[in-house]
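Student: Could you show me, step by step, how to read the packing of helices in a model like this one?

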Amino acid sequence: MGQHVALRARPAPRRTARGPRVPRAEPAGPHRDGGLALTAPDRESNSALLRAHGLRATAGRVAALGYLATHPHRSATEIHRGVAPELPTLTLQSVHNIVQDLAERGILRRIHPPASNAALYEVADEHAHPHAQCVRCGRLVDLPDAPAPAAGTTPMQSAPGMTIIGVVVTYLGVCAECAS
Ligand SMILES: [Zn+2]
Ligand SMILES: [Zn+2]
């Protein structure tokens, strides 16, 4: 009977405060990352989110969360660069630790699309949305309305020697800019 539970998609972690909205798409090409410019309410809701997951609201975690809220699908290196103006002493290793901790708690979602060299992170929303990636420039777009198959609803419930607990969907394509 415990098996049924194990086969279900892992439920989204409960939150007391909703994370900031993640923009649905982003421009291609080199990221022009402005400063962090976190407002006080942003800071407060990010701190509350961290504490709701049993984490201390350290400056590094709050900054990384705030950065990803406005710059989704960024690597640890990009996050490090993005928060550097605000936290110049935060090391890249610390950012790696932060994104790993936050991903483990379900606050961040870690994605590793095929046309990206590094794992990318975004603030997790209630339902894991699929992505579409341009295979030429790597531009990654959220597909909020595309139904992401849940683990328990896929035809393949289990693989030999493995219990399926999740599904990650990334559609591959060519963006309009690269196609022209
Ligand atoms: Zn492209
Ligand atoms: Zn996304």
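Student: In what order do the elements of the protein chain run from the N terminus on?

Tutor: They run α-α-α-α-α-β-β-β-β-β-β-β-α, where helices (H or I, at least four residues) and strands (E, at least two) are DSSP runs, numbered from the N terminus. The model is predicted, so local features need pLDDT of at least 70 and side-chain atom pairs count only at pLDDT 80 or more, while totals for chains, interfaces and linings use all residues. Residues are numbered from 1 along each chain as its sequence is written, and chains are lettered from A and ligands numbered from 1 in the order in which they are written.

Student: At what angle do α3 and α4 pack?

Tutor: Helix α3 (residues 59-70) and helix α4 (residues 76-83) pack at about 105 degrees, with their axes 10 Å apart; axes are lines fitted to C-alpha atoms, for helices over the stretch in contact, and angles run from 0 to 180 degrees between N-to-C directions. The two helices are therefore roughly perpendicular, a term for angles of 65 to 115 degrees. Ala63, Ala64, Tyr67 and Leu68 of α3 meet Ile79, Gly82 and Val83 of α4, where contact means C-beta atoms, placed from the backbone, within 7 Å.

Student: Which residues of α4 are buried?

Tutor: A residue is buried if 20 or more other C-beta atoms lie within 10 Å of its own, and in α4 these are Ala76, Ile79, His80, Gly82 and Val83. An α-helix has 3.6 residues a turn, so residues three or four places apart point the same way. In α4 the buried residues fall within an arc of 165 degrees, seen down the axis, so they line one face of the helix. Their cover includes α3 and α5 (92-104).

Technical notes: Parallel < 35°, antiparallel > 145°, perpendicular 65-115°, else oblique. Contact = placed C-beta atoms within 7 Å. Buried ≥ 20, exposed ≤ 12 C-beta atoms within 10 Å, placed from the backbone. Arc of directions from axis to C-beta.
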